[in-house]
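Please read them with the model open beside you.

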Amino acid sequence: MAIQTKPRKFLNDPADVVKESLAGLAAAHGDLLRYDRAAQIIVCKDAPRAGKVALVSGGGSGHEPLHGGFVGRGMLDAACPGEVFTSPVPDQMLAATKAVDGGAGVVHIVKNYTGDVLNFKMAAEDAADDGIRVASVVIDDDVAVQDSLYTAGRRGVGATVLAEKIAGAAAEKGASLDKVADTVKRVNERARSFGVALSSCVPPASGKPIFELPEGEIELGIGIHGEPGRRRAALGSASEVVDVMVEAVISDLKARAGSQVLAFVNGMGGTPQLELYLLYGEVDRKLRAAGVVPVRNLVGSYITSLEMAGASLTVLQLDDELTELWDAPVHTPALRWGV
Amino acid sequence: MDATTVTTWMREIETSVTQERDRLVQLDAAIGDGDHGTNMTRGFAAVVQALSQDQEAPPGRLLILAGRTLVSSVGGASGPLWGSALRSGGRVLGDQATFDGPQLVEVLAAALASVKDLGAASVGDKTMVDALEPAVAALGRTVGEGASLADALEAAAAAAEAGMRSTIPLQARKGRASYLGERSIGHQDPGATSTALMIRALQRAAAASS
């Protein structure tokens, strides 16, 4: 048995990390949201809002600011955080759904992981039993996973953030349940992502890195749970890495030449903004060279994997409606403009 | 077998997954996200706690309660999968106070059907089904041949363990390990491993109550 070393993390009891972090989020942003400790959910302060379609998302913790940091005006009405990298349970999703339903129905935004899909499915059935209309949409934008009979299907990654923002704006404008759900679907269908990692990450409960990456190597095609990617390669220059990311995303997106896109360069938690903007510069140039025009962008760490060093690229093919919804005001702990 | 068998089974599982927690975490870290040991330990601690507050219930009701507790406390994929499995198994027994070998076969067959239905997995996908299906088959066969319950459960536990080992050379086609493609080959599936622990725990629980 190896000697247990203390992880280099700010913890009291590792078993309480999620609850204590959520309490801190509520302490910092009491003007926007509240933390229901018993149900372990984050709820928009003025929910439920009569007549407004509500948006609920959730998933394992460790991806902050996703999802709790996106609760507020113009985005999510509630978030259900599970344990670190573990899907929340149906009880949380049901409690969140009941807390935010304003009579117009609730959209569940579900990232495509077996656990998330199964638990949200059970919660949606329970909510229907309670007379709440729920529309569930699964996000699966990760091109690193072959979507075939031989996998659990593509993972939900960066497009989740964009879908929550854009569909949240649609709900804010008074769109119907079907329309809001359809907006989530459209974002998912028009977005593709690809991630890379330069290090693993350390879940608080185990205190050990999920995998070891030798110096000078890069994991290509990673998800957001510290899991290894599809293959490992020698770490090249930033320009060479972006070549791989842009090629993976663009070849799958099959956007028409001249298409207007939103380019989202996301940090995995351990990569500084210095490097993320360097990556964005490369992405912007290479997308234009590939024939698409980044007319909107988002650069920062929004869907993370604890302290993993790495980045993902999401490209969303815009149209007028999606652009307008993206530009609409949003006021949450992690995304804020137009207010 | 009766309600005590079920409570003992759940306690044996808790002991077993707690002892093997680190190994389950390591197996899951290799091809998943490293939370399986933690989740199973948390879930079965909650199950033992819930069952200790309901001493009077018949075995079927206890299995349903155990299943509900897993769904409410585990999360991930194993929560709904094992939760539904135990609930389906419990419903087979209704309110009867005792059950025999052939009924145990029906309980586990219902559990297996529920897992396969919810998870859409088959033998060979590198999942818990690779351990559970051969265990149910071995139990059904030996009970059908008139073997003692002790022998039948030994055969079931051995079949689950063989099934668990059979996942090593497989490429995962379900769950998070499937994202790794060929890199999942050579690793034992954590879900099949905890399933084998659970069938072994059942064998010990039945031995203790006979």
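1. R154(A) and D252(A) are both buried. Keep in mind that this is a predicted model. The two side chains form a salt bridge, with N and O 2.7 Å apart. R154(A) sits in the loop between β6 (134-139) and α4 (159-172) of chain A, and D252(A) sits in helix α6 (residues 238-253) of chain A, so the pair ties together parts 98 residues apart in sequence.

2. R285(A) pairs with E282(A) in a salt bridge, and their closest N and O atoms are 2.6 Å apart. Both residues belong to helix α7 (residues 273-289) of chain A. They are three residues apart, which means a separation of about one helical turn. E282(A) is buried, because its relative accessible area is 15% and the cut-off for buried is under 20%.

3. In chain B, the side chains of E12(B) and R204(B) meet in a salt bridge, at 2.8 Å from N to O. E12(B) is in helix α1 of chain B, and R204(B) is in helix α9 (residues 190-209) of chain B. The pair therefore ties together parts that are 192 residues apart in sequence. E12(B) counts as partly exposed, at 22% relative accessibility. R204(B) is also partly exposed, with a relative accessible area of 33%.

4. Which residues are joined into one network by salt bridges that share partners? They are D46(A), R49(A), R73(A) and E172(A).

5. Helix α1 (residues 3-19) of chain B packs against helix α4 (residues 59-73) of chain B. The angle is about 25 degrees, and the axes are 8 Å apart. That makes α1(B) roughly parallel to α4(B), because angles under 35 degrees count as such. The crossing of the two helices is right-handed.

6. What makes the contact between α1(B) and α4(B)? From α1(B) come A3(B), V6(B), T7(B), W9(B) and M10(B). From α4(B) come P59(B), L62(B), L63(B) and A66(B). By class, this contact has eight nonpolar residues, one polar residue and no charged residues.

Notes:
Residues are numbered from 1 along each chain as its sequence is written. Chains are lettered from A and ligands numbered from 1 in the order in which they are written. This is a predicted model: local features need pLDDT of at least 70, side-chain atom pairs count only at pLDDT 80 or more; totals for chains, interfaces and linings use all residues. Side-chain values use heavy atoms; hydrogens and water are left out. Axes are lines fitted to C-alpha atoms, for helices over the stretch in contact, and angles run from 0 to 180 degrees between N-to-C directions. Helices (H or I, at least four residues) and strands (E, at least two) are DSSP runs, numbered from the N terminus. Angles under 35 degrees count as roughly parallel, over 145 as roughly antiparallel, 65 to 115 as roughly perpendicular and the rest as oblique. A crossing is left-handed if the near helix is turned anticlockwise from the far one by less than a right angle, and right-handed if clockwise. Contact means heavy atoms within 4.5 Å. Ala, Val, Leu, Ile, Met, Phe, Trp, Tyr, Cys and Pro count as nonpolar, Asp, Glu, Lys and Arg as charged, and the others, Gly among them, as polar. A salt bridge is a side-chain nitrogen of Lys or Arg within 4 Å of a carboxyl oxygen of Asp or Glu. Buried means under 20% relative accessible area, exposed over 50%, partly exposed in between (1.4 Å probe, protein chains only).
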